[in-house]
Amino acid sequence: MAEVQDQFSALLETLASPDNEARNRGEEQYNAIPIEQRLSLLLGAIETSSSATLRAFAAILLRRLLTNSWEVFALSPVETQDLFKLKLLELLKRESDESARKKLSDTVSEVARNLQDGEGNMNWDELLKFMFNCCNSGTAQHKESALSILNSVPDIFGSAQQNYIGLIKEMLFASLNDPDNPNVRFAAIRATCAFLTGLEEDEAKRYFTDFLKPMLKGVEDCVVAEDDDGPLKSFVELAEKLPKFLRPGLDQLMEFALRVIANTNFADNWRQLVLELVVTICEAAPAMIRKKDKYIAPLVVQMLQMMTDLEDEEDWAMEDEVEDVDSDENCVAAEAALDRLACALGGKMVMPHIISAVPPMLQSKEWKHRYAGLMAISASAEGCKKAMEANMSSIVMACLPYITDEHPRVRFACCNALGQMASDFSPLFQKKMHDKVLPGLIHLLDDDGHPRVQSHTAAALVNFFEECPQNVLLPYLPDLCQKMQATLEKKTMELVQTHRKLVLEQIITTIATIADTAENHFTLFYQSFMPNLKYIMENANDKELRLLRGKTIECISLIGLAVGKEVFLSDAEQIMNMLLKAQTDDGEQMDADDPQVSYMISAWARMCKIIGPQFTAYLPVVMPPLLRAAQIKPEVALVDSDEQVDEDEGWEFVPLSDQQKFGVKTAGLEDKNTACQMLVCYARELKEGFADYTEQVVKIMVPLLKFYFHDLIRSAAAESLPFLLESVKHKGDDYVRDMWNYICPELFKSLQTEMEPDILAVVMESVASCVEVLGVGFIDSLQMEELVEAMKNHLKKNYDKEEERKEARKDEDYDEEVEEGIEEELDQDDYLLGKIADIIHNLFGVYGEDFIQVFDKLTEYFVAMLAPDRPGLEHQWAICVFDDLIDFAPNSAPKYQQHFLQPMMHYLSDINPGVRQAAAYGVGALATKFPGANSPYLEFCKNCIPNLVNVINDPESREIENMSATENCISAISKIFKHIIGQENLDEATVVTWLSWLPIQEDDEESVHIYGFLLDLVENNNVYVLGDNNANLPDIIKILTEGIINKTIKSDDHPELMARIQAFIVPLQKNEAVWSAILAKLPETHKVLLTGQ
């Protein structure tokens, strides 16, 4: 046996060899040994080896083996397991080497984790006794081992934890206060933080408040020693999970942290980690920090000071290849921290300190200070949005002089600030500041001596024009395009002569953005750009030019989409052929990391939009690479925390514990996302023309509903499903049913489990659209039951969240900013409730009265939402649901009227315009669905009229936020007059008042009812409408033509209404005298519409 053990120890040495060939041979031998034998041999190596390095290595391998093959150990005889566990504890207790002891502790922790059952019971009593004995021993190493195990498995006491709580406190408190061994104190901090984060905040405060003082002292000692940063990192995690536990020691912590951050004698990584601690507390408990506002000013000052820690790089502005920013640099870490601080605490708290500290920096003779001041404006813009918007003009005017600063990096920072504000404050920034900002940025495009500044200027223009209203862009378009054309030509020549491409890549993206915003107005400039762009696309064939070529492909396709098929047609075939050639050259696939792939995929989708159904002919070429990209499988890895992996290769890691981290190789994920988005586009645009690919695509998309590595991929998967169903409807019900039965289980599971609100909203939209596309006969009873259960769960969650918000308003740290956060959360919940209402709308629309039996299972939730103490968004969506019931299942309305009638009348006067709109629509629906003098809702509708009139006559009723509610009130009264009261029973004052409310400006759905009733009155020669001797004809014509001009009347959407309008106007046009008299009283825009002149 000793000989076998010696041979195995030799094998371990081979496994640790730097010689790859030897190590590979060793791995083959090692993996060939049966797992049971390997477990025994590894334990033996730890016991017998005289080399601490080898013992540590064996402990690592043993832990990995237990992690990956626990079931083998678990199936071994109980006696074998018990002996193994006892030996493991014995070896840990006697191990003298620090590294090997740590690795053995990790191995013990792995065994402990696996011995916990599903109910939280720890099936290793000897371990708990071992830990208590170690902590009570006089040996520091033993204490560290026990604390290391608790740190790794903080829930080790399981369901018996409450029974041990006194002993746990005693053990940890004694270790935190160990007078002789700083390593024990540091290990105790890690263990205590891990243990506390498993508790509820109230429980932690109840039992462990007295721990805070020694913990803070230990953290301070750890920072001063600058040796082991583990305790500080553990404290950061504690701050994130239980920030209010820190309240009693907050002053001590903040004062110490500010001293460390300000002290340049500390290493940068320690200063940054302390800054991370402070920012984490601000994010986790912003209201608590706002009450300690004396620390915010010095904190902001220290962040700004760190942002000035820049290197003088002589060639910085001339670089053509820009490397990724090093996040370990002080300036980068501080900038990110300022961004987070502003987002956490809000503009009211942070902005005054920015306004106070930044102007002196901008006036400094040191370029680094001017740079940092401008970057501070960029960094704080998102979090200080409201405060900065209120001072937008002064902030922009303070920045603009630096667009001509003598130092290129300051000019760069100015562009960065302007571009950031353009993104964060759009479209207000573009509307208010275009005449101040654009001339300077356009001028800076001539900074040929500093390509990085020139490129960043073009990038700032992208930010400006991405969300720019078209009417703001158009006055600048001729000069802007002239400048862009000249720069494009100059930089193309520069590429040919010097191979410099940085500015050219960015300018092409800027041109694409301008075209995308200008749309058909770009047609005048099409020929100025297309020849150069085609030249680049055709000739940029070198590997280092692939990104340039990809951006050029993107630009060409966006220009094509902007100018439309007719203009683009002359180049379309050549462009398509170049795309085909690039994709199929030499019969080889493009490299997986080729940046052209995603650009090309997107370009094909735009071509599809441009040429429409004819694009089907290109699918055989386009689809193979698209399907390959959509099926990219990310590489994942579970590695030891101390294992070095090159993150530059696209790996991103998340720590799972002290021992392990989980990694995802993100390279390829964006291509996968782009491909999925394009599949959505093809299915939506081509419909039946995409049918041949739907089976393959649906098998790709449905599993991606649970692709948790990338939110937008899940979003695209959900979005695609109704389009795929629609694409195959012509194949017959059986085919559609089979596809739906494949989709449904995962879609409904996603509806239950999706955690990201934005993605959940897309899933809900998908469900609603699938219901509509499928129609009757496809969703079976079990599926319907599952759907209803999912909606019930979301409605329950919504109710619970509102209760949590009520509690938050009672919290000791509640303030205005907390209320703002609550309001933002309410907006998010409003959006999701709206999506649930959309699902129910479509279910009622498809099934009508047959949906009532199912709806009964949800009724109680919507009734509860109508209660006066519930928020306005719940009132709105609950009323909308009952509106749909009235619309689509009117025979069942009387059954529910006890729930909705009085709230509907009451909420006509609600402060929330969305609630008023929903209530007004419901009143109008009752009048429409239950017409006549014998209507059961005659008195109800009549009694609603005063409330409806009050809404319409309110001085602010025509403000944009109130417009829809007001116009729904006008429509409701129109429906009551038409269907309940009867036009013949209306007196002059009533008709004249009603007519004075017209025209409407926004609601193209209600326009058919409002203008339809107007035409009813006209066609019946109602004298109150027409006036004496038809004197009101010009006013009536003006009202109707205004509806056409403001697009509340559309020929495509309202053909019958348009036909009636024409039938009314044409006879008047034939009477020249009458028509001339009418035209004379109309505004010029209306005359042009009516005469075509």
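Guide: Helices here are DSSP runs of H or I with at least four residues, numbered from the N terminus. Also, keep in mind that this is a predicted model.

Visitor: Okay, where is His499 found?
Guide: Look between two helices, α28 (477-498) and α29 (502-518). His499 has a positive phi, near 65 degrees, and is a residue other than glycine. Its place is the loop between α28 and α29.

Visitor: Is His499 buried or exposed?
Guide: Exposed means over 50% relative accessible area. His499 has 59% relative accessibility, so the word for it is exposed.

Visitor: And Lys687, what is its phi?
Guide: Lys687 sits in the loop between α35 (669-686) and α36 (691-701). With a relative accessible area of 40%, Lys687 is partly exposed. Lys687 isn't a glycine, yet its phi is positive, at about 50 degrees.

Visitor: Which residue does a cis peptide bond join to Leu998?
Guide: Omega of that bond is about 5 degrees. Leu998's partner is Pro999.

Visitor: What charge does the surface patch with Glu311 have?
Guide: Glu311 is exposed, with a relative accessible area of 56%. Asp309, Asp326, Asp328 and Glu329 form the patch together with Glu311. Asp and Glu count as negative, and the patch is negative.

Note on methods:
Residues are numbered from 1 along each chain as its sequence is written. This is a predicted model: local features need pLDDT of at least 70, side-chain atom pairs count only at pLDDT 80 or more; totals for chains, interfaces and linings use all residues. Side-chain values use heavy atoms; hydrogens and water are left out. Patches are made of residues with over 30% relative accessible area and no salt bridge: like charges are joined within 9 Å, nonpolar side chains (Val, Leu, Ile, Met, Phe, Trp, Tyr) within 5 Å. Accessible areas come from the Shrake-Rupley method with a 1.4 Å probe; for residues, only the protein chains shown count as cover. A salt bridge is a side-chain nitrogen of Lys or Arg within 4 Å of a carboxyl oxygen of Asp or Glu. The place of a charge is taken as NZ of Lys, CZ of Arg, CG of Asp or CD of Glu. Buried means under 20% relative accessible area, exposed over 50%, partly exposed in between (1.4 Å probe, protein chains only).
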